[in-house]
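Thanks for coming, everyone. Please look at the model on the screen while I talk.

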Amino acid sequence: MVVGNRKRFGNGFEFQRRVGNKMHHLKRFAPWISLLILIAALVFSWNEIEHIQYDQVRSALHRVPLSSVLLAVSMTALNYLILVGYDYLAVHSIGRPVPFRFVAIASFVGFSTSYNFSSLLGGPAIRYRFYSKWGFTPQELLRIVVMIGATYWVGVAFLGSVLFIVENIPFPDRLQVFKAYTSLLSTQGIGWILAAVVAAYLVWVVRQKGGWRIGDTEIKPPSIGLTVQQLVVAALDLAIAAGAMYALVGEDMQLRYDQFLTVYLLATLAVVISNVPGGVGVFESVFLAFAPSQATSSLVASLILFRIIYYLLPLTLAMLLLGGTEIVPLRGEITKSLHRGTQWWPAVAPYVIAIMTFCAGTIMILSGATPGVVERVQFLVRWVPAPLLEVSHFLGSIVGASLLILARGLYRRLDSAYYLTCGLLVAGILFSLVKGIDFEEAIFLSLVLGALLPAHRAFYRKGKLIHERLSPSWLMAIAVVAVCAVWLGLFSSKHVDYQDWDWWRFFVDTQAPRALRTAVAVASVLTLFGLMRLLSPHPPTPQGASNEEIEKAFAIASQHPRSYAHLAVLGDKQLLFNEEQTAYVMYARQGRSWVCMGDPVGPDDCVNDLVWRFRELVDRYGGRPIFYEVGTDFLTVYLDQGLTLLKIGEEGRVPLPGFGLEGPSRKGLRQTVNRMKRELVEFEVLPPDRVPEVLVRLKEISDRWMAEKGAAEKGFSLGFFDEATLVRYPCAVLRKDGKIVAFANVLPSRAKSELSIDLMRYDAGELSGVMEYLFIELMLWGKTQGYQWFSLGMAPLSGIESRRLSPLWNRITQLLFKHGDRLYSFEGLRQYKDKFDPEWEGRYIALPRGMALPKMLADLTALIGKHR
């Protein structure tokens, strides 16, 4: 379909390709732009608090009134409860009600992670794992994410337009440089822009027309009632979140609450635009800029305390909530119902534990960059030699830097990362106590270890971290931690004259600045890891399958329960094996698309690892992974990869134990058999050792069949005439007057679970019904041999429902199925196979979502239709 119209739509594909390439380059540079914004924010903050000492901030933290802290904690709890409204509205907008407690869990974990990590491991990724386990389709998940984002931004625009226009707070003198560029950079100017956004949204809602699409998913305007609920939820969210902060910093800012809310909205916009994880540095810079006078130590202390209460405390509680479902026995009706709703833990465990590990590494590094508590250190010195204390501090920083890197391995489900992280967490707990009785740090590391230990089954992949691809976002996150650690170390050690220190003395000298020691530790770990990656041998460029690999694949395919596994033996596809050489995937490349044929072949417990290995191989060469004609058994594996699923048809499988020619429904089949017997057509299955005797005749039949059809041999998902392949398998033949007139090679499977054919050709002259007769006799033969199933292959585009709310893909494929006879007899093929009364199973494509989707489908079509 795509190939046939390629000239007509060629410009569209070229446009999609160019736009996709530009977006790809922008995504590569975006993390580093965010890092530059962070550095600029930290430089600005340094200038604002240059007169403040670290000890003054620590003292100010202890002077914050308990009543203010409790009020901030209470309003934070209320705010996270209101945040559930975002998910609640989104779920109900698509007509898929879910119990409130499930939505609350997804919302709390999603928001607590997105607030701290932005797009790195944020809400969309976590929500995807939750809702996919609850039966939501990829299209519904996209609608949920879009609805949540729309609710938030409509609320920001609505509340901001009112406050910015009414208040019109002038920009501080220290930001005059920005005002010189445009008059819009005032709160009133921004307010009018936001008002226009709200007006456009309301017009879209009132008209109830003009839905827009993301890929094959249509986003329709919400109802007026739902829009009102969106405004209420978002306005309450922003107002209460600002109230939680106002309880801590309101007195230092010397602003009325409405003025403070205006500044809070500006800070929120700055965080979103910068895309810095957690808005660290950027969020605080806005409040330092709008402070009415020179920033005070109490203001800095309150900003730190707000980040702890509003960001880190909910994140810790979310991690405990998820980890507790794995390690705490659940009793009682309430906990039993919660346990039923938390069966998603295996799906989200790697991502949640990766976040916890990254946080643990960050805490150890930031702790190492700041002086220890004097009283605790003085107590330790009485019992612990000072050099041992300082060495523990240095080693603790090394552990922290290592955890940042290992978090990526946990995210990728590596078992080696699991074991290393367990060991380093134990070491980190010990070093935290020895370096300065940092029991708070040790407790958090213990919680991470407690969540990690029972989750071993979630980390099933074999592999080496050194070969894992570190995405730009992940590298940026590590760089953010390193930059913040340097800034914090410089701030806490302002009184130190580094010029008086020899480089070698800081290792054991108790008077050496800890920040210097931490900087060296972190730099050493990251540099060593970088050198190991550079010097490690790169995997070779994938080549065609060798004879040795084909023999290995043939042995594995012979033990597989599905017959499609034998397509690897044709030699036209490349093969990727697991480390144990017990399973493989077969794939081919077309442009940037790497297309895997079917599910991985081998034991079920090897599937996850092979899918990961294939994804990593594709990522390493900048390709796009596509899994073609995958079944229903491992759909969750592909969803777990963040891929979208498109149904492409159904495979017909005939249950052989119940197959026969009896009954009214088999009248047509009996007539075919009787006619062939009257024509004295004989059926025989030749064993592999007899196939070489008839190869010359089979070649004649194949060539004549190809000439009559005006076709050329194809490959990938189809068999082709290959003598080396034919002699491996039994061959079913039909003879008339002793001469072979039709043949099909027979593909068996392990334990006689399935029987199928790969190549079917005939030269029967005026004799009709040959192919049908060959199918019938082969099924009856398979039944007598004890086979359970006969695969008729796939009926393309069949079994795809088209309803009013169905995605665009479903509507197009159903239209082609019904009216595409000029291109291919889709419906006719389904009707032909239905005469054998098969059971139909869905077949899918799993591929990445995005603007490159049309190009990937074009590549796939070109690969399937490519002539040999």
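First, a term: a patch is made of residues with over 30% relative accessible area and no salt bridge, with nonpolar side chains (Val, Leu, Ile, Met, Phe, Trp, Tyr) joined within 5 Å. Accessible areas come from the Shrake-Rupley method with a 1.4 Å probe. This is a predicted model, where local features need pLDDT of at least 70 and side-chain atom pairs need 80 or more, while totals for chains, interfaces and linings use all residues. Residues are numbered from 1 along each chain, and side-chain values use heavy atoms, without hydrogens or water.

Now the patch. Which residues make the nonpolar surface patch? They are Val-73, Leu-313, Leu-317, Leu-320, Leu-433, Phe-439, Ile-443 and Leu-447, and the area is about 630 Å². Helices α12 (297-327) and α18 (439-452) each supply at least two of the patch residues. Phe-439 sits in α18. Helices here are DSSP runs (H or I, at least four residues), and strands are too (E, at least two).

Next, helix packing. Helix α3 (residues 66-93) meets helix α4 (residues 100-117) at about 110°, with axes 8 Å apart. Axes are lines fitted to C-alpha atoms over the stretch in contact, and angles run from 0 to 180 degrees between N-to-C directions. The two helices, α3 and α4, are therefore roughly perpendicular (65 to 115 degrees). Contact means heavy atoms within 4.5 Å. Among the contact residues are Tyr-80 and Leu-83 in α3, and Phe-100 and Val-103 in α4.

Last, charges. What is a salt bridge? A side-chain nitrogen of Lys or Arg lies within 4 Å of a carboxyl oxygen of Asp or Glu. The structure holds 21 of these salt bridges. In one, Arg-613 meets Glu-579 at 3.9 Å, N to O. Arg-613 is in helix α22 (residues 607-620) and Glu-579 is in the loop between β3 (574-577) and β4 (584-590), so the pair ties together parts 34 residues apart in sequence.

Key:
Patch = residues over 30% accessible without salt bridge, like charges linked within 9 Å, V, L, I, M, F, W, Y side chains within 5 Å. Parallel < 35°, antiparallel > 145°, perpendicular 65-115°, else oblique.
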